Amino acid sequence: MKSSDQKPNQGDSRRDFLKKSSVITAIALTPSVAVKAAESNADERFAQLFEKIPLELTVNNKVYQTTVEPRVTLLDYLREELHLTGTKKGCDHGQCGACTVHVDGQRVNSCLSLAVMNEGKKITTIEGLANGETLHPMQAAFIKHDGFQCGYCTPGQIMSAVACVREGHTGSRAEISEYMSGNICRCGAYPNIVDAIIEVKEGGEKV
Amino acid sequence: MINFQYLRTTTAKSAIALLVKDKNAKFLAGGTNLIDLMKRGVTAPEKLIDINHVPLKQIEQIGNKIHIGALASNSAVADSALIKEKLPLLSWALQAGASAQLRNVATVGGNMMQRTRCSYFYDTEMPCNKRQPGTGCGAMEGFNRMHAIFGASEKCIAVHPSDMCVALTALDAEVVVANAKGERKIPFKDFHRLAGDTPQLDNNLKADEMIIRLEIPMNNLAKNYHYLKVRDRASYAFALVSVAAAFELSNNKITDIRLAMGGVAHKPWRLTASENFLKGKEATLSNFEEAAQLAMKDAKGFGGNDFKLKLAPNTIIEGLNLAKSKV
């Protein structure tokens, strides 16, 4: 998918005309233009233009160019626009960790990040972890240690677990529990999740 | 979430220029609190100014002060070798807050600007003088086990939720803020405010100002320190009561001491009377107990949070004990 503008039967509303016009490219959020827009009191006219914002980001090594409303979260963008539904919506308020993805290598809650804040960034979701048919060591370890029951929190747990190992917060079971506390598992698979993380850490494979 | 206009800028100067242009504009940094509040309809800015590209992420020593940029992430500060060595209390307090994911995104300035987690503030069906002045306080006679025991007003008994800010109050940090005309410094203990008659105001930052950086003076408090956070679960929960304790010992006498509490007031609560009492005294349990009693002098419970009247002094004593046994 190159752009959400390519949906069929969208019709030619005034909004679409504005979107397609070259104006939108010109105001592609170069700061000086944005400043000028605000300073010349052109706010109302620009509100129309700003309704959808050009966005380019890389997800699982694939570049996507599109336009999004500013209020769309990274989570909704991944799920609804890119149909990468591995990343789960749990609480949608940063309390459960089911939506954890990596942004430029760091774990974040995608539900509390606007898609437009991630312009130019590299996103990795659970879909981008395996190497073809070969599971990522953390995925394999979760299966081996039964690190889940219902599985809903699992993509977030695994993304967080990979980051936890990379960050080096795996010195003890207690340290792992502390640094995994942003991922809630209502089935209570916590001890097995810690087992999986310890195995990956001790296996020494690059994660 | 109600839609809004999104602007992005790369300099503090243009960020401030955009802010003063519109009464309903807000800065967007990490967004971990603001986006949540917007989803819940607690706040609905018409314009968000994304300041994440403004170069304010420095963590450095300049002269005898540590400078921390307003946009340094909580995890960058907590994991910084410089902060761990010179200001370990701050590193500990940051690690006690939120989760690893949130700390990667949440910024120093955003942490200071975060709103209370009072459930009446969050629930738009409930009265709340902070969210909507004049509607009353649901917590006063409601579910108030998380609420203030110090400095509460008749209009609001919410607490400031930050751990980082408790350590910064204890460490005598200064906040450098800027408007279009220039910069000014606010002592950290005066940055946040008590609710008084205007609970809608969390702090003394003016509408045309932006937080630029923190400046924290060097100290000799890196040996005996502790941040003790008591909460409903072992990790990833807001404080019922927290204590930042740090002191310097010379011949077993306390020569410098800092004590501050979180989860007990509308602002990080510095325990000046207790500090003054302990200065020059020996670090003994009986002195710690007396200091804790002094700290509780003006405490007042509201029913659900009466347990804090006992929990708070016990946490002070335990925090001081743990700081003492650190070495």
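Into which domains is chain A divided? Chain A has domain 1, covering residues 4-128, and domain 2, covering residues 137-201. Before we walk on, keep in mind that what you see is a predicted model.

Let's stay with chain A for a moment. Its two domains touch each other: 14 residues of domain 1 of chain A are in contact with 11 residues of domain 2 of chain A. If you look at the domain 1 side of this meeting place, the elements that give two or more residues are β3 (100-103) and β4 (106-109) of chain A. Of these, β3(A) gives the most, with 3 residues. Sorted by class, the residues on that side of domain 1 of chain A are 5 nonpolar, 7 polar and 2 charged.

Now step back and look at chain A as a whole. Chain A contains 9 helices and 5 strands. Chain A has 207 residues, and 40% of them count as buried. Take the contacts in chain A with a separation of 6 or more: 60% of these are between residues 24 or more positions apart.

Next, let's cross over to the partner. Where chains A and B meet, 32 residues from chain A and 29 residues from chain B take part in the contact. On the chain B side, β1, α1, α2 (34-39), β3 and α6 (100-105) each supply at least two residues. The largest share of this side, 5 residues, comes from α6(B). By class, the side of chain B that touches chain A has 12 nonpolar, 12 polar and 5 charged residues.

Chain B has its own domain assignment, with domain 1 at residues 5-52 and domain 2 at residues 224-324. The C-alpha centres of these two domains of chain B lie 36 Å apart.

Strand β1(B) is joined to β3(B), residues 47-50, by 4 bridges. Within that pair, Q5(B) stands opposite K47(B).

At one end of the order, β4(B), residues 59-62, and β5(B), residues 65-69, pair over 4 bridges in the antiparallel sense. Among the facing residues, Q61(B) stands opposite I66(B). The hairpin of these strands has 2 residues between them, and G63(B) takes a positive phi near 60° there. At the other end, 5 bridges join β6(B), residues 174-178, to β7(B). The bridge partner of V176(B) in β7(B) is K185(B).

Finally, let's look inside. The largest nonpolar core has 156 residues, and L89(B), A93(B), A167(B) and A244(B) touch the most other members. Strand β10(B), residues 239-250, gives the largest share of this core, 8 residues.

Is L89(B) buried or exposed? L89(B) lies in helix α5 of chain B, residues 88-95. With 26 other C-beta atoms within 10 Å, L89(B) is buried, because 20 or more count as enough. Leaving out residues up to four places away in sequence, L89(B) touches several residues, including A167(B), L171(B), Y227(B) and A244(B). Looking back from A167(B), and setting aside its neighbours within four places, you find contacts with L89(B), L90(B), A93(B), Y227(B) and A244(B).

Key: Residues numbered from 1 in each chain as written. Chains lettered and ligands numbered in written order. Predicted model: local features only at pLDDT ≥ 70, side-chain atom pairs only at ≥ 80, totals over all residues. Pairing = 2+ DSSP bridges. Domains from an automatic or database assignment. Contact = placed C-beta atoms within 7 Å. Nonpolar A, V, L, I, M, F, W, Y, C, P; charged D, E, K, R; others polar. Buried ≥ 20, exposed ≤ 12 C-beta atoms within 10 Å, placed from the backbone. Core = buried A, V, L, I, M, F, W, Y, C linked by C-beta atoms within 7 Å.
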